[in-house]
Amino acid sequence: MKALRFVDNQLKLAEIAKPENEREALIRVTKSGICNTDLEIVRGYAGFSGTIGHEFVGVVEESRSAPEWIGKRVVGEINAGCGICEKCLAKDPRHCPNRTVLGIHGRDGAHAELVTLPAENLLEVPANVPDEAAVFVEPLAAAFGITEQVEIGDTTRVAVIGDGKLGILCAFALSLKSKNTVLIGKHREKLILGEKRNIEGILLNDAVPALNRAFDVVIEASGSESGFATALDLLKPRGKMVLKSTFQGKTNLEMWRVVVDEITIVGSRCGRFAPALELLEKGLVTVEDLISEEFPLAEGVRAMSRAAEKGVMKVLLSIKN
Ligand SMILES: [Zn+2]
Ligand SMILES: [Zn+2]
């Protein structure tokens, strides 16, 4: 089968053997989405080697341990736990110390014709959610997962910094909890995607001074070092800063300001798939206008460089079988 692999510090489309894992379900991938994490992996940050890709939708082809899944159209949670540690026994493998993560850590990913995952990671996609939307479940879950960690009510003033894919999904998801959610970014054309959903968009240059100390919760999703400082400026005393982007460098955060203003800093990574799938099923979040372009898997390398270009939103790979 074909797979988009990062091996020996090189990204290439490879022909590899069909994955064999009798304990897991074998899924024929229909579409996969390119994420910033994929771009970071091919820059060598994560130390991962293998097939990349963790956002996908597909159809279960084989599943020996749970045959009821065969033929179902599914998405899959990306963390596979050891099954025996405290975290796994509490049914949350996201922090299992021995976990593997699809296309990120110790497990081949989904930019491929076939992928395997434990059956318990799978969720059936409702019939009214098309593949183009289902492929967004993972990043939408990551965005909505913020609400697992930080309480956001009708009147909570929320600012999302960063109008890239993740920031926009955070704004979409959090605006369902609070109408006082604004999206702050550098690109007028991206802020419009939020404005179409009644989310106020603010250009970064105009934003900061007038809105200093105006927000209860600020989500840093810009992936840039300056985002941290902006977040501190925008927060009210005792506000909560949610760090969403896996910024790889070191930051010069002015920690004394965190102390003086008694700011809570919350790191946030993966969310649950079921609530995100429900948002798509009910039409509470629509995502199709975030798709910039779609490439066949065979052009995966080109698709990855396209996804890295400025201004490009979600790039999908379609796997024609
Ligand atoms: Zn992702
Ligand atoms: Zn475990």
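Predicted model: local features only at pLDDT ≥ 70, side-chain atom pairs only at ≥ 80, totals over all residues.
**Entry 1. Zinc ion, ligand 2**

I began with the zinc ion (ligand 2) and asked which atoms coordinate it.

I then looked up the geometry. The angles subtended by the 4 donor atoms run from 104 to 119 degrees, so the arrangement around the zinc ion (ligand 2) is tetrahedral. For that label all angles have to lie between 85 and 135 degrees. I noted for reference that the ideal angle for four tetrahedral donors is 109.5 degrees.

Buried or exposed, I asked of Cys 88? Cys 88 has 9% relative accessibility and counts as buried, because the cut-off for buried is under 20%. Cys 82 has a relative accessible area of 30% and is partly exposed.

**Entry 2. Zinc ion, ligand 1**

Next I turned to the zinc ion (ligand 1). Its protein donors are Cys 35 (SG), His 54 (NE2) and Glu 55 (OE), and they lie 2.1 to 2.4 Å from the ion. Water is not among the atoms, so I keep in mind that a site may look incomplete. In sequence the donor residues are spaced C-x18-H-E.

**Entry 3. Strands S3, S5 and S6**

Strand S3 (residues 25-34) runs antiparallel to strand S5 (residues 55-62), and 7 bridges join them. Ser 32 has Phe 56 in S5 as its bridge partner. S5 also pairs with strand S6 (residues 73-76), in the antiparallel sense, over 2 bridges. There the bridge partner of Val 59 is Arg 73 in S6.

**Entry 4. Two open sheets**

I looked up a sheet of 3 strands with the order S2-S1-S4; it is open, and its pairing is antiparallel. S2 and S4 stand at the edges with a single partner strand each, so one side of each has no neighbour in the sheet. Between S1 and S2, which run antiparallel, I found 6 bridges. Phe 6 stands opposite Leu 11 in S2.

Another open sheet has 3 strands in the order S7-S8-S9, with mixed pairing. Strand S7 (79-80) and strand S9 (106-107) are at its edges, each with a single partner strand, so one side of each is left without a neighbour in the sheet. Strand S8 (residues 100-102) pairs with S9 in the parallel sense over 2 bridges. Leu 102 stands opposite Arg 107 in S9.

**Entry 5. Helix H12**

Which residues of helix H12 (residues 300-307) are buried? I have Gly 300, Ala 303, Met 304 and Ala 307. Down the axis of H12 these buried residues fall within an arc of 100 degrees, so they line one face of the helix. Their cover includes strand S1 (2-7), strand S2 (10-15), S3, helix H1 (36-42), strand S18 (291-296) and strand S19 (314-318). H12 lies across S1 and S2 and runs at about 150 degrees to S2.

**Entry 6. Helix H4 and Pro 139**

How many residues of H4 are buried? The count is 8 of its 8 residues, and H4 is mostly covered. Among them are Val 137, Glu 138, Leu 140 and Phe 144. The cover of these buried residues includes S5, S6, helix H3 (131-134), helix H5 (146-149), helix H6 (165-175) and helix H11 (273-281).

I picked out Pro 139, which lies in helix H4 (residues 137-144). Pro 139 counts as buried, at 8% relative accessibility. Leaving aside neighbours within four places in sequence, Pro 139 is in contact with Glu 55, Leu 166 and Leu 169.

Terms used: Residues numbered from 1 in each chain as written. Chains lettered and ligands numbered in written order. Heavy atoms only, no water. Donors = N, O, S within 2.8 Å, 3.2 Å for Na, K, Ca; no water. Tetrahedral: all angles 85-135°; square planar, octahedral: opposite > 155°, others 65-115°. Buried < 20%, exposed > 50% of the residue type's maximum accessible area, 1.4 Å probe, protein only. Pairing = 2+ DSSP bridges. Helix = DSSP H or I, 4+ residues; strand = E, 2+ residues; numbered from the N terminus. Arc of directions from axis to C-beta. Contact = heavy atoms within 4.5 Å. Axes fitted to C-alpha atoms, helices over the stretch in contact; angles between N-to-C directions.
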